[in-house]
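Subject: Structure handover

Hello,

Here is the structure I promised to pass on. Please open it next to this message; my notes follow below.

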Amino acid sequence: MKAAQLDRYAKEGRLVVREMPVPEPKADEILIRVQAAAVNPLELLIATGSIRLIQSYRLPQTLGNECSGVVERVGSQVRDFRPGDAVYTRLPLGRIGAFAEYVVVAETAVAKMPAGYAFDVAAAIPLTGLTAWQGLVEVLEAQPGQTLLITGGSGSFGQMAVPIARSLGLRVIVTGNDRAREQFLAMGVERYIDYRTENYWETLLDVDLVIDTLGTGEFEHALAVLKRGGRLLSLRAVPNGEFARRSGFPWYKRALVTLAGLKYDRAARRQGKEYRFLFVHADGEQLRRITQIVEQHHITPPVDPRVFSLEQINDALRLVAEGPIEGKVIIRM
């Protein structure tokens with residue numbers, strides 16, 4: 001089979017496509033014939049070595065974190081899947097490898113694809129869907145009736161996070177560009193703020209929860225709109241001690257990560273608030289819950305019209321790095 005591998009960490013992060021043996025599934029694993037794989041900024045972070053503190057790899061390493069495909073073969077202990085099933089997955093961070101014609105995945109990380117969805121579209125769901133679910137349920141511990149603000153939420157993350165948040169009984173406010181206003185109002189957001197005409201930190205107050213998709217430059221503004229006791233989850237800032245403890249890092253990694261996020265933790269504590277960070281993990285059961293929401297709300301994540309072959313993987317990575325893109329960038333096998 002063909003696979004796109006990283007041979008060394010580098011600023012350019014180029015991958016090499018080479019022939020590899022088809023992997024053999026263990027008793028609790030599934031062999032998937034990959035139909036489509038999504039290219040994410042996460043691939044760039046891995047290729048440049050930016051997340052080695054969180055997860056390092058023994059090189060060469062096949063990259064790719066999420067994909068859709070068809071079950072080719074199952075291990076002897078697999079009960080919920082059979083050859084021919086259309087499935088999708090966010091691969092476990094320590095066992096990535098979606099940029100290949102075949103990939104082996106633990107049964108616990110896989111779910112059947114939403115009914116009627118194309119492989120290209122389905123491949124764009126797992127990472128974003130699990131990020132939204134885990135951010136709301138595991139990290140923020142959102143409760144019905146609470147108010148959630150999503151900054152920079154008019155893109156693919158918001159399109160997934162809003163229906164999930166609404167299904168959990170949350171009141172949702174989104175900031176983004178005006179082009180997406182009607183779409184998000186139709187999804188049930190309580191308020192949509194066009195960032196070009198209104199500063200949300202000048203009009204919002206006592207928000208229970210914030211998910212920030214923009215990064216460190218937004219931290220003070222996002223923190224300011226929270227009520228005391230509120231939680232701010234950043235998807236683009238830096239990890240902190242709470243994240244390290246939750247992730248079960250060894251003591252030396254906990255110390256380094258705690259130091260990295262100390263400035264943000266202290267700023268939040270001074271205001272009686274909490275700062276959180278998330279690195280999404282694989283979970284097939286959660287993905288099945290997300291599948292139900294996707295089917296119920298007919299969620300169709302945006303996919304960039306420029307679809308690449310595996311041999312064009314470096315062109316796809318360059319597009320993700322430099323943009324502009326119109327949705328998830330897809331590798332079609």
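Lysine 227 and aspartate 208 join their side chains in a salt bridge, 3.1 Å from N to O. This pair links distant parts of the chain. Lysine 227 sits in strand β13 (residues 226-234) and aspartate 208 in strand β12 (residues 207-212), 19 residues apart. The cover on the two partners is worth a look. Lysine 227 has a relative accessible area of 31%, so it is partly exposed. Aspartate 208 has 13%, so it counts as buried, the cut-off for buried being under 20%.

Before going on, one caution: this is a predicted model.

Next pair. Arginine 332 and aspartate 120 form a salt bridge through their side chains, at 2.5 Å from N to O. Arginine 332 belongs to strand β15 (residues 329-332) and aspartate 120 to helix α2 (residues 119-122), so the bridge ties together parts that are 212 residues apart in sequence. Arginine 332 is partly exposed because its relative accessible area is 43%. Aspartate 120 comes to 15%, so it is buried.

Glutamate 311 has 47% relative accessibility, so it counts as partly exposed. Lysine 2 has 30%, so it too is partly exposed.

How many salt bridges are there by this rule? The count comes to 20. Some residues are linked in a network of salt bridges: Glu141, Arg231, Glu242, Arg246, Glu274 and Arg276.

**A buried aspartate without a bridge**

Now to aspartate 265, in helix α9 (residues 262-270). Aspartate 265 is buried, yet has no salt bridge. Which side chain of opposite charge is nearest to aspartate 265? It is arginine 269, at 4.7 Å. Beyond its neighbours within four places in sequence, aspartate 265 is in contact with Asn240, Gly241 and Tyr275.

**The chain as a whole**

Now the overall picture. The secondary structure comes to eleven helices and 15 strands. The C-alpha atoms fill a box of roughly 55 × 45 × 40 Å along the principal axes. For 333 residues, a compact globule would have a radius of gyration near 20 Å; the chain has 20 Å, so the two agree.

Of the 333 residues, 54% count as buried. Take the contacts with a separation of 6 or more: residues 24 or more positions apart account for 68% of them. The chain exposes about 15000 Å², and carbon and sulfur atoms supply 48% of that area.

Last, the charges. The chain has 41 positive and 38 negative charges. Their mean positions are 5 Å apart.

Best wishes

Terms used
Residues numbered from 1 in each chain as written. Predicted model: local features only at pLDDT ≥ 70, side-chain atom pairs only at ≥ 80, totals over all residues. Heavy atoms only, no water. Helix = DSSP H or I, 4+ residues; strand = E, 2+ residues; numbered from the N terminus. Rg over C-alpha atoms; globule rule 2.2 N^0.38 Å. Buried < 20%, exposed > 50% of the residue type's maximum accessible area, 1.4 Å probe, protein only. Contact = heavy atoms within 4.5 Å. Areas by Shrake-Rupley, 256 points an atom, 1.4 Å probe, with all protein chains shown as cover. Lys, Arg positive; Asp, Glu negative; His and termini not counted. Charge placed at Lys NZ, Arg CZ, Asp CG, Glu CD. Salt bridge = Lys/Arg side-chain N within 4 Å of Asp/Glu carboxyl O.
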